[in-house]
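Visitor: Please show me the structure, and then let us go through it by question and answer.

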Amino acid sequence: MNTTTRTDSEPQYRAAITAVGHWVPDDVLDNKYFASYLDTTDEWIMTRTGIRERRILRNGATSDLAVGAARVALERRGWTPDDLELIICCTVTPDMFFPATACVVQNKLGAKNCWGFDINAACSAFLFGLETARRFIESGAYQRILLIGADKMSSILDYNDRNTCVLFGDGAGAVILERSTDENGIRDSYLKIDGSGGAHLHMKAGGSLNPATVETVEKRMHYVYQEGKQVFKSAVVEMAESSALVMERNGLTADDVAFLVPHQANLRIIDATRQRMGLPEEKVMINIQKYGNTTAGTIPICLSEWWAAGKLKKGDNLILSSFGAGYTWGAILVRWAF
Ligand code: UT7
């Protein structure tokens, strides 16, 4: 397939984000905390990642983060949970293997008129969910969708592994999708997976390959395993190239793009993407210093914070971009609708 030209025909209906919300727990872990018991420093973490602190959910599960974000989005839209037709929950830290966290969220919200499911695409899950929700709306099948990116990363981190525990935090963002009434909305997407990258970022046990045993626990196999340098190299290339590709095949120059909305894994990856797109620093949403990497939460949390600060205007071109475990990656062009 030629990816440098658009293959989509104009949809009968266009999908638009019409509300945003986010929720993070109050508890903060700053870099000094890690430096107090691990061989690390605030300076190393800041210069290598851009992270100063992250939020931790002490009591509760991913669904609690998700419900917090969902309630904010629903309230801002002026809807009740019963207005929803579909709930999609993007997460790599579900409350349980099954049922889907979307079902837990539906029950906690008391949403009586919907169905739903989870999407597992790690750090790219929100983009994969956005593409899925968009197609449901474009087909005419559904008109009122709640899409959530939520992760309680603290539940799968080894707090004695300095390579991973400093990188992640807990948080959730949510968006509502409806039919657009104009040309604004989700305009293009370029998404990819490459399972050969799985070896570099995964959780070794707990699934059907290595079910939980005393041995898997003793060998510390129930935590995030990451070969950071390998992942870094691929992330820099793929986030930058997919963002530039979506820009170019939609005829957008740096002047036409209001914001890059990047997955927040590492400030240096974000900066490489920005430079490839030719954007100035002020056109990039960055909050990694406050939250670290909240996996499926990063992009919708950014959207919610920037909208709440009054920095988004109707008609703004946003390029959402991510790279994560799988590997999974891609970019989506959103023309802001409200
Ligand atoms: O969101 C999903 C996708 N994930 C990502 O995009 C993450 C991609 N990777 C990264 O962000 C970076 O690779 C890291 C931040 C994880 C690591 O940065 P790096 O510049 O690639 O460092 P490195 O892995 O090459 O490690 C350099 C050194 C190593 O020590 P030796 O082997 O050279 O002696 C590490 O052990 O830094 C060491 N190191 C640390 N030192 C102090 C690793 N973590 C720490 C730490 N504090 N927390």
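Visitor: Which strand holds S189?
Guide: This is a predicted model, in which local features need pLDDT of at least 70, side-chain atom pairs count only at pLDDT 80 or more, and totals for chains, interfaces and linings use all residues. Residues are numbered from 1 along each chain as its sequence is written, and side-chain values use heavy atoms, with hydrogens and water left out. Strands are DSSP runs of E, at least two residues, and helices are runs of H or I, at least four, both numbered from the N terminus. Residues 185–193 form the strand in which S189 lies, β8.

Visitor: Is S189 buried or exposed?
Guide: Buried means under 20% relative accessible area and exposed over 50%, with partly exposed in between (1.4 Å probe, protein chains only). The relative accessibility of S189 is 14%, so S189 counts as buried.

Visitor: Which side chain makes a polar contact of 3.3 Å with the side chain of S189?
Guide: A polar contact is a pair of N or O atoms within 3.5 Å; within protein, one must be able to donate a hydrogen and the other to accept it, and residues adjacent in sequence count only if both atoms are side-chain atoms. The S189 side chain has such a contact with the side chain of E131, at 2.8 Å. The contact of 3.3 Å is with the side chain of R134.

Visitor: With which residues is S189 in contact, leaving aside its neighbours within four places in sequence?
Guide: Contact means heavy atoms within 4.5 Å. With those neighbours set aside, the residues touching S189 are E131, R134, R135, R249, A331 and I332.

Visitor: Which helix supplies the largest share of the shell around the ligand?
Guide: Three helices each supply at least two residues of this shell: α2 (42–49), α7 (228–249) and α8 (267–277). The largest share is four residues, and its source is α7.

Visitor: How much of the ligand's area does the protein bury?
Guide: Oxygen atoms of the ligand lie 2.7 Å from an N or O atom in the R48 side chain and 2.7 Å from a polar side-chain atom of N293. Taken alone, the ligand exposes 940 Å² (Shrake-Rupley method, 1.4 Å probe). The share of this area that the protein buries is 76%.

Visitor: What percentage of the 338 residues in the protein is buried?
Guide: The protein has ten helices and 13 strands. Its C-alpha atoms fill a box of roughly 55 × 45 × 40 Å along the principal axes. Of the 338 residues, the buried ones make up 53%.
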